[in-house]
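Colleague: I would like to go through this model with you, one topic at a time. Could we start once it is on the screen?

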Amino acid sequence: MGDNRLEPLVLSGAGRRTLENWAKRRKTAQGLALRARIVLACADGAPNIAVAARLGVSRTTVTKWRARFLARRLDGLGDEPRPGVPRTITDAQVEDGGGSADPGRDARGRHPLAGNVNWPGGWGSRRHRCTGSGGRFGLQPWRTEDFKISPDPLLTGKIRDVVGLYLAPPSNAAVFAVDEKPQIQALGATAPVLPMMSGTPERRSHDYVRHGTIDLFAALNTATGKVIGHLSARHRAVDFRDFLDQIDRQTEPGLAIHVICDNLSAHKAPVVYRWLLAHPRVQLHFTPTYSSWISQVERWFAELQRRCLDRGAFCSLDELTTALEDWIKTWNANARPFRWTKTADQIIDRICRYCSRIFGPGH
């Protein structure tokens, strides 16, 4: 069948939202995310050959998933049952034991699924049975993640304040996301690094020698991506005040300065407030408690860790200092800002949905 004779693919509002969620969520299986993107592109009216070229897949793949969706809608995008030994655990058994977030344990302290599908507390040689049946319900019982809901009473106001500075910064102003990365260790290897070879990854000794620590103050200009850095032996309130003074000196005169920082006590010390009174163009904006994710400088710290520190070996504090200063210079020579996309309303709505999911009705 040629593309000019294809049956139109029409999505409902709910169906489109589900597909967009599958396509965007980082935790969605890559195969399912690709199928969702294929269907969304087809729904926009693009012919199969154009969808295939855009997504880097074959025309046959696009034809297959378009037809599957037209025949069975969202259910058609799932994997077909695999050949092999028939399942010995029914859907009802899995739902009965694993339908809730915490099904509880029996009198002997075992998880209800430990005996038949090797839930945590009963891991053994049959773990694949849990993987096979639990995967049908999106269960991955060997994984855990941490989370923290901010108890800040000014949570929504602070989110709107910070996100507003990202998405609609004031005119004639510079916005900086500021934080400290404390106690960066100068770690020296106890043995030479064995380089990567064909079929063998790079190898490093698991032990190391400490040569001291240093603190890094960083101010990320959210408009340009450039970073003002300062290395210090400590991160006291006076050190933070001195760093604010450095930001003030290196920012073009006539611009207001908006500094986004967390709730560290050193940021709110009297010595800092006295400095702010003497420098009225500088204004501090505090992120919500336990919400480091909202500060863009944390994203920059992740790049620093991955690209400079994780693979580095430093035999002295001087070597570490030189490496950090050189890396900041290299970053600034090719700086690009991070792109913030979520609005304050979208973030607040997601937090509300998450709280409803955790606590449920009646809490």
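Colleague: Is Cys261 buried or exposed?

Modeller: Cys261 has a relative accessibility of 1%, so it counts as buried; buried means under 20% relative accessible area, exposed over 50%, and partly exposed in between, with a 1.4 Å probe and protein chains only. This is a predicted model, in which local features need pLDDT of at least 70 and side-chain atom pairs count only at pLDDT 80 or more, while totals for chains, interfaces and linings use all residues. Residues are numbered from 1 along each chain as its sequence is written, and side-chain values use heavy atoms, with hydrogens and water left out.

Colleague: And Cys42, buried or exposed?

Modeller: Cys42 is buried, with a relative accessible area of 3%.

Colleague: How many disulfides does the structure hold?

Modeller: The structure holds 0 disulfides, a disulfide being a pair of cysteine sulfur atoms within 2.5 Å.

Colleague: Let us turn to the rings. How many aromatic pairs are there?

Modeller: There are 7 aromatic pairs in the structure. Rings of Phe, Tyr and Trp (its six-membered ring) pair if their centres lie within 6.5 Å; planes under 30 degrees apart count as stacked, over 60 as edge-to-face and the rest as tilted. One of them joins Trp300 and Trp327, a tilted pair at 5.6 Å centre to centre with 55° between the planes.

Colleague: Which parts does that pair tie together?

Modeller: Trp300 is in helix 11 (residues 296-309) and Trp327 in helix 12 (residues 317-333), so the pair links parts that are 27 residues apart in sequence. Helices (H or I, at least four residues) and strands (E, at least two) are DSSP runs, numbered from the N terminus. Trp300 is buried at 0% relative accessibility, and Trp327 is buried at 12%.

Colleague: What about Trp331 and Phe338?

Modeller: Their ring centres are 6.0 Å apart and their planes are at 35°, so this pair is tilted. Trp331 is buried, with a relative accessible area of 12%, whereas Phe338 is partly exposed, with 22%.

Colleague: Which residues form the aromatic cluster there?

Modeller: Trp300, Phe301, Trp327, Trp331 and Phe338 form one aromatic cluster.

Colleague: Which ring does Lys148 lie over?

Modeller: Lys148 lies over the face of Tyr290, at 4.9 Å from the ring centre. A charge sits over a ring if NZ of Lys or CZ of Arg is within 6 Å of the ring centre and within 35 degrees of the ring normal. Lys268 likewise lies over the face of Phe286, at 4.8 Å from the ring centre.

Colleague: Where is Tyr290, and what is its phi?

Modeller: Tyr290 is in the loop between strand 5 (282-286) and helix 11. Tyr290 has a positive phi of about 60°, although it is not a glycine. Most residues other than glycine have a negative phi. Asn172 also has a positive phi, near 55°. Asn172 belongs to the loop between helix 8 (155-167) and strand 1, and it is exposed, with a relative accessible area of 60%.

Colleague: Now the pockets. What volume does the second largest pocket have?

Modeller: Its volume is about 340 Å³. On a 1 Å grid over the protein atoms alone, a pocket is an open set of points where a 1.4 Å probe fits, with protein on both sides within 12 Å along at least five of seven lines; lining residues have an atom within 4 Å of a point. Grid points are joined across faces, edges and corners, and a volume is the space filled by probe spheres set on the points.

Colleague: Which lining residues are closest to the centre of the second largest pocket?

Modeller: Of the 21 residues that line this pocket, Gln185, Leu187, Leu309, Asp310 and Gly312 are the closest to its centre.

Colleague: Which element gives the most to that lining?

Modeller: Strand 1 gives the most, with 8 residues. Strand 1 (173-189) and helix 11 each supply at least two residues of the lining. By class, the lining has 10 nonpolar, 7 polar and 4 charged residues. Ala, Val, Leu, Ile, Met, Phe, Trp, Tyr, Cys and Pro count as nonpolar, Asp, Glu, Lys and Arg as charged, and the others, Gly among them, as polar.

Colleague: One last item. Where is Arg236?

Modeller: Arg236 is in the loop between strand 3 (227-232) and helix 9 (237-250). Arg236 is partly exposed, with a relative accessible area of 39%. Its C-alpha atom is separated by 9.5 Å from that of Ala269, 33 residues apart along the chain.
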